[in-house]
Amino acid sequence: MSVAPAVETVEKPPLPVAEPELSGGQVDRASLFYVERPNSDFRCFEAIGLAMQQEANQTLAAANTKAAKRLTLSAARAALAIGLALITGGWGISTANQAVAAQATGFTPDGQGVVTDSDSDGRNRLWSSQREERASFKGESLDFTPDGQGLVTSSNYKSWLWNLQGEELASFEGGFRGFTPDGQGLVTLSYGDEYIVGDDKSLLWSWRGEQLASFEGSFIVFTPDEQGLVTRSYDDEKIWLWSLQGEELASFEGVFQGFTPDEQGVLTISYGDDDVLGDGKIWLWSLQGEELASIEGEILGLTPDEQGLVIYSDSDGKSRLSSWRGEEQASFEGYFLGFTPDGQGLVTYSFSDRKSRLWSLQGEELASIEGGFRGFTPDGQRLATYSSSDGKSRLWSLQGEELASFDGVFQGFMPDEQGLVTISDGDDDVFGNEKIRLWSLRGEEQASIEGHFQGFTSDGQGFATYSDSDWKSRLWNWQGEDRGSFEGIFRGFTPDGQGLVTYSEIDGRIRLWSLQGEDQTSFGSSLQGFMPDEQELVTSPDSDGRNRLWSLQREDRTSFEGEFLGFTPDKQGLVTGTPSDRKSRLWSLQGEELASFDGYFLGFTPDEQGLVTSSSRARKTWLWSLQGEERVSFEGVFLSFTPDEQGLVTSSSSDEKIWLWSLQGEERVSFEGDFRGFMPDGQGLVTYSYSDRKARLWSWQGEELASLEGDFIRLTPDKQGLVTYSDSDRKSRLWSWQGEELASFEGYLLSFTPDEQGVVTYFSPVVTSSDSAGTSRLWSLQGEELASFEGGFHSFTPDGQGLVTTPFNVGKSRLWSLQGEELASFDGSFQSFMPDEQGLVTHSYSDGRNQLWSLQGEELASFKGDFRGFTPDGQGLVTSSSSGRRTWLWSLQGEEQASFEGEFQIFTPDEQGLVTYSEIDEKTWLWSLQGEERTSAGGEF
């Protein structure tokens, strides 16, 4: 799809060339197609956890039971621990990260199936290892039941219990929070009928959906004896201890940390007046709510014998050993990182001199060592550190003697305990690969490999990497020999250790491989336009006004009256719309009309048992059963269902008014302005009023929470704030949800930086078609201007270290560093980066040609037609004529590979062909990539 140049008006700020929200080739984090790519720092610390995977899997059940009986870190302290690990290399974070990564591979408890995330229809799917779809389930999160025979899915407001065949067994009010210790029930969190923050209750349920008890506050954990549970208040200032029958047993001040090792007490903390970690207070309570002791500082852990605590205080930068009664037993300079393997000493790290120190438990300093502690050798007789000052890891004796040094960041010891692994920046900074080095413990380099270190293999005989240069994962042995390559990004090993999983950003598919490199199966969602089985496609109305369903061999299976609007959630039918009678229709895939509905189809109900239509002319919305029975009607045009799925929002185009309704048609409340979206916590919504040009935040009760200058643009990446733009002074503003203005920026905010620490705006003082029209600016989140760039911002470079601006109409695109230095310029308007990130494509409006460039500004090739995209393998590109009559396939060297009649629409799911459409002939073609016509059909694809 070509994009027209932006046009600036008085009422609307300029949007240069393309939709400004995201860089080229990126998708929003909320998108179904977003795949988490952890940065290299976090990969470093996941390595140790990967080596422990088998042991962790075997002890997971026992660990879960024991977790309730042990001291747990609060979320705030866990966040600090991660930050510290990035500096000093703590061990504990690696194991935690791997637990998440292993869960994300989506294997069933028996290891014989795979779970994939929500597809375009909002459902999770369960697959056999042979890629047979076994069942699908609505809901956002998914947890298997303790017996592995069922699963629970959940939204913020409702949970469902399913068997593995996809049959719904029960539903529960509130979002799922955990299973009961006996595995016979579950706990949910409900916000009540009015969904008011602070009125939350925890609910205990049987498997049959019977509510057994309710508890004030949000569920935290069951008691060690499994006869009660703990909840907390919304603001964390109070916690309660309850029996499972809902009887309050005791309450405690502070934030819950855990039970004492003897299970006879409770630990809570406060963070002090400024919410500073290490500057608060720790309380010890009896189970009856009696305060037994209070201690100044932050709790970091238990002593090995569980007879005391480790405390850290920011006031003097020291760690301390304390008894359970608050008596100080010893103090140590620096932040506590861990105990020695024999339990007779401990390690701290000091930020002031960047040194790690080894201490006896009596507070005697035994050794001072350069760098951040990374871990002990398996025999416990040596330790490793990493120093950022010179980029080296070091091995030390316990007496502080340096035994060897190694280039790069320490990743872990080899499973045979005879060597270690480090990583450092690779030789090719453009690809972004790292250099992985294998060392003997004497400091001798044994092998080096380009790529991203992913972890050790389950059998301990090698490790896995991923390369940005060819988008492949690889297995290596300890001699640096390539054991096999696999298409896609490494996602983890299979539970039995005999295979691995990858994800491909090219086709969006997950693949399961044997360790010998055999592609055993793949999983993914159907592309738009193809049937779910990928063996048929749908064309939109032909000359007779009907959609058609075709086999890939051009067999006309059936036809449907009207414009194709979407498949049913179960993929067993489809919906069309006919403008002539302003009706929507539901069809079976065999072409049988099942029902018709007044108005234009806008979606299915959250329970998938009905659908919604609207008429802008009648200013009316209807809810229907799938049999065509009108359930209820609402004033206004449908906008969205509420986050809790219990209501919907409609709007009036005439008087800037929106309504909130129950699904039974009862008007709950109305709001001034145009609807802009729901608040991220689901507790209200955002509107914009053209009369005073202000955005407003509202509670569900219709109470105005805040009024913000300007129109709502978007949320901040962390969803902790929002951005508005004001026409009056042409500024963007950053706000908290409490209505506090945090910063302002000249111009229209187009994007946050990849690290989410800054923003880019665009400002044009006058309307002009010259190449130099307008300026893009880079700002800190505090409103400080960091750099300015000629032209309109288009996207960041794939590595996040630069950005591209593009001309307002004609002229040059430019590549810039984030410091505002122009690195290269390119004729034409920027279209996309190349898949290998080594170049880019521009389009010239003057001669209608596309050009391929190196990032240094050297022209590599040119192509006629309008750029449509790269081939799935990244080795070619597709263009179409502006008239839509012809499509061309090109090599990256500018050689024409094939031509096709019609305008390019999409590649086939198997990536071996493509689809084109001619508006003049009203005809769709299916082609091989060699230009051979496979089949054609009447109508638009």
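Leaving aside residues up to four places away in sequence, Phe745 touches Lys731, Ser732, Leu734, Val759, Thr761, Trp779, Ser780, Leu781 and Gly783; contact here means heavy atoms within 4.5 Å. The model is predicted, and local features need pLDDT of at least 70, side-chain atom pairs count only at pLDDT 80 or more, and totals for chains, interfaces and linings use all residues. Residues are numbered from 1 along each chain as its sequence is written, and side-chain values use heavy atoms, with hydrogens and water left out.

- Phe745 and Leu803 are the residues with the most contacts inside the largest nonpolar core, which has 22 residues.
- A nonpolar core is a set of buried Ala, Val, Leu, Ile, Met, Phe, Trp, Tyr and Cys residues joined through side-chain atoms within 4.5 Å; buried means under 20% relative accessible area, exposed over 50%, and partly exposed in between, with a 1.4 Å probe and protein chains only.
- Among the elements that give two or more residues to this core are strand S63 (721-726), strand S65 (741-746) and strand S66 (748-752).
- Helices (H or I, at least four residues) and strands (E, at least two) are DSSP runs, numbered from the N terminus.
- Strand S66 provides the largest share of this core, namely four residues.
- There is also a second, separate core of 21 residues, which includes Leu300, Leu337, Leu346 and Ala367.

- Phe641 belongs to strand S54 (residues 637-641).
- Phe641 counts as buried because its relative accessibility is 14%.
- Residues up to four places away in sequence not being counted, the contacts of Phe641 include Phe604, Pro606, Leu648 and Phe678.
- The C-alpha atoms of Phe641 and Pro606 are separated by 8.0 Å, while the two residues are 35 residues apart along the chain.

**An open sheet of three strands**

- Three strands form an open sheet in the order S1-S2-S3, with antiparallel pairing; two strands pair if DSSP finds at least two bridges between them.
- Strand S1 (113-116) and strand S3 (133-138) stand at the edges with a single partner strand each, so one side of each has no neighbour in the sheet.
- On average, and with direction ignored, neighbouring strands of this sheet are turned by 20° against each other; the axes are lines fitted to C-alpha atoms, for helices over the stretch in contact, and angles run from 0 to 180 degrees between N-to-C directions.
- Strand S2 (residues 123-128) pairs with S3 in the antiparallel sense over five bridges.
- Lys138 in S3 is the bridge partner of Arg123.

**Aromatic rings**

- The whole structure contains 42 aromatic pairs; rings of Phe, Tyr and Trp (its six-membered ring) pair if their centres lie within 6.5 Å, and planes under 30 degrees apart count as stacked, over 60 as edge-to-face and the rest as tilted.
- Phe867 and Phe870 form an edge-to-face pair, at 5.3 Å centre to centre and 70° between the planes.
- Both Phe867 and Phe870 are buried.
- One aromatic cluster is formed by Phe453, Phe456, Phe463 and Trp478.

**Positive phi in two loops**

- Arg354, a residue other than glycine, has a positive phi near 55°.
- Arg354 lies in the loop between strand S25 (345-350) and strand S26 (355-360), and Arg354 is exposed, with a relative accessible area of 52%.
- Arg693 has a positive phi of about 55° although it is not a glycine.
- The loop between strand S59 (684-689) and strand S60 (694-699) holds Arg693, which is partly exposed at a relative accessible area of 36%.
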